[in-house]
Amino acid sequence: MATPSLVAQPAPTRMPEPVIVGASIAGGHDGAAELIVQVRFENGVVRDVAMENDTGLALMSVCGVHSIEELAGQPWQRFLEAVGQVPAKSS
Amino acid sequence: MTQPEQLSRQRRFVAPKPGDTLELIAERELPEMSVADAMAALQGWNLHIFLMRNPPGMLTGSDVVFVEPPVEGDGNTVFGGSARANSDA
Amino acid sequence: MFDVIIRGGSIVDGSGAPSFIGDVAIKDGRIAEVGKVDGAAAREINAAGRVVAPGFIDPHTHFDAQLLWDGAAKPALEHGITTIVPGNCSLSLAPLKVEHREALTGMFRQIEELPPEVFDGSAFDWTWESFDDYLKAIREGLSVNVAPLVGHSVIRLWVMGDAAQQRAANPQEIQGMCELLRECLQAGAVGLSTSYVDVDQNLYPVPSRWAHFEELDALAAVLGEYGRVLQVVPEFYATDITLARVDQLAELSLKHDIPTTFSPLFDNAATPDNVPRVMARVHEQMARGARVWPQVQTRPIDISFSFELPSLFFAANPTWYTVMRLPYAERTTAFTDPDQRAKLVAAAGPDGGASWLGSLILRHVPDAASKLVGQSVAQIASERGVSPVEALIDVSLEHDFKAHFLAESVGHDVNSRVGPLLADDNVHIGASDGGAHIASFSTYGDTGYLFSEFVRATGELSLEHAVRKITSDTARIWGIPERGELAPGFAADVVIFDADTIARGPERMAHDLPGVAEGGLRYVRDSVGVETVLVNGAVAFESGAYTDAHSGQVAVA
């Protein structure tokens, strides 16, 4: 598994922090696949977080997983690491 | 006609003011927290500003910025399915 | 003497009232009589056994450029659509200064997937800067009616130039935008569109996304002077954000007494709470008197992919995902090396990938003449005597990974959930996106799909209800006067169709873009069951062919 470097430090005064509890694939508005990640926030409420194909693949990469099922348990900071991995998007 | 105060509770958010940054919003909206904690909280609550954005984290004027985590029980009126709050907390 | 009498049809007048057998008489482009009509006409149309309904109105399209060379917005008109709303998602082609053409067309190319050659002067002449002059440029050729939105991004670009994608507007700039919007509304704009998600050709947020709420509030105040519409594109699959947008729109609607609409709202197995939560909030706000109309499309969502670039389509299968993430050369090796290939085949499941991959459609290969295009992977596998997963691999290798596959109906596809949503009185059927995403999928035929799936197959909506939802309801929501019903005095926009067969045809490739080598590529769908379409009293489509009629109008001015 890759060892990602944190881009945001955990806040010691607020525990627990948002964590991934599940993920699934959805069809995007533009016909591409998107990743929908379920995140449990610090107060226990679960919400969906959507991302496009490249960011979803980057998230899996920084988490070192090979299936979306393995994303469960990953901390929210992985999202910030993932967007740093997505190739620059300018033409 | 239903009165405005009868609206159900929704997750609290702000619209950025001209000149705003996430740091300024953190200081203004979460004064009880240190700036570092407030920034970390805002980041976690506003992943959309990072995930569907080029460059990630760039605040635009039309953004919705949540200033609290998701709230339970908002808009739970059933319509063709059930709401899913706190399902595996 | 009438111009046209449509005789003996089952009249579904758009009001939602029960159908009845009768005649429709037309004079000078207007409905003259409905019921038992005596007298004669220059032309009579026998509609026995057919439904006679008001022309359908499509409230979410991007035909702004196409209207400059195709006033019928093909193939929209042949599906029974007689009025379209272009200019959605903050983008219209006017008002536009000459120096901003390149910037704006970059946004159009990104969103609509129109090739750049379309905008270089070979497909049409740039004859306008003002909104009024754009309408003059399209007016003569119109076969369909147009109720155009003006785009917030365009207005911002006009007033602020490059700064439109850099910063907040100052008070003078906001005032300038308000004055410009007023001019557009006076010229015939049905409202203002804005977007919270769209990007330009560099994937950078479009100008409207840089506007603070105070700017939108000022523009909404101008809309309030005319009672015109505000359309927005909210963030997809982000329910909490959509709820915030609903509240923002409700605030503007109540404050300025304007209708607002957001599009699209999708149902999806991956986000099962999205529609229930959003609709709960919409119902609350509508009960307060706010007008916040969610637009819901009838068609399901598809996913397309190839082996050329990594796709999340494979992200639930570790073996396949791992191979798809390899560099190109190693990926090729993985599919050709016997041992690795055997692992991939095994990982597709004990049924040879039939359940996972069999229903995929081969939609495009570099050799456009390939007979395989349009077939399912299961069909190809059967013809070749191999398993579906082997067929998928072989076809991809044969085309150097440039074969594109389509996973159909992977979202917004559960009729038992989408049907009640479409039938809801607080839901606005629309969001077709006609004229956009042209090289990715077809955005046509949603009205036919409404009838085939949700009237005939599931019975979720009655015929009368379905017609009302896409005619008079739409006209009322958008403030489009004297359209959407078969009633005396109304514009004679009429569609005659077979209720037993109306549907959308299969998706097919078309090569009809002007000024583009070999006609370019766009995906379209032909209509099924639509026999005759009249626009302002003139027959614009009949017996499977378009006529020379150019009777379309700007439907607001």
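Predicted model: local features only at pLDDT ≥ 70, side-chain atom pairs only at ≥ 80, totals over all residues.
User: How many helices and strands does chain C have?
Analyst: Chain C has 17 helices and 23 strands; these are DSSP runs numbered from the N terminus, helices being H or I with at least four residues and strands E with at least two.

User: How compact is chain C for its length?
Analyst: Its radius of gyration is 24 Å, close to the 24 Å from the globule rule for 557 residues, so chain C is as compact as a globular protein of that length. The radius is taken over C-alpha atoms, and the rule is 2.2 Å times the number of residues to the power 0.38. The C-alpha trace of chain C spans about 75 × 60 × 50 Å along its principal axes.

User: What share of its residues counts as buried?
Analyst: In chain C, 64% of the 557 residues count as buried. Buried means under 20% relative accessible area, exposed over 50%, and partly exposed in between, with a 1.4 Å probe and protein chains only.

User: Turning to aromatics, how many pairs are there over all chains?
Analyst: The count is 32 aromatic pairs over all chains. Rings of Phe, Tyr and Trp (its six-membered ring) pair if their centres lie within 6.5 Å; planes under 30 degrees apart are stacked, over 60 edge-to-face, and the rest tilted.

User: What is the geometry of C:Trp128 and C:Tyr134?
Analyst: C:Trp128 and C:Tyr134 are edge-to-face, at 5.4 Å centre to centre with 70° between the planes. C:Trp128 is buried at 1% relative accessibility, and C:Tyr134 is buried at 4%.

User: And C:Phe313 with C:Trp356; which parts of chain C does that pair tie together?
Analyst: C:Phe313 and C:Trp356 are stacked, with 6.1 Å centre to centre and 5° between the planes. C:Phe313 lies in the loop between β14 (301-306) and α8 (318-324) of chain C and C:Trp356 in helix α11 (residues 354-357), so the pair ties together parts 43 residues apart in sequence. C:Phe313 is buried at 14%, whereas C:Trp356 is partly exposed at 25%. Both belong to a cluster linked by ring pairs, whose members include C:Phe305, C:Trp320 and C:Tyr328.

User: How many disulfides does the structure hold?
Analyst: The structure holds zero disulfides over all chains, a disulfide being a pair of cysteine sulfur atoms within 2.5 Å.

User: Which residues does a cis peptide bond join?
Analyst: One joins C:Ala94 and C:Pro95, with omega about -5°; C:Pro95 is in the loop between β7 (81-84) and α1 (101-112) of chain C. Another joins C:Ser263 and C:Pro264, with omega about 5°.

User: Where does C:Ser409 lie, and what is its phi?
Analyst: C:Ser409 lies in strand β16 (residues 404-411) of chain C and has a positive phi of about 50° although it is not a glycine.

Terms used: Residues numbered from 1 in each chain as written. Chains lettered and ligands numbered in written order. Heavy atoms only, no water.
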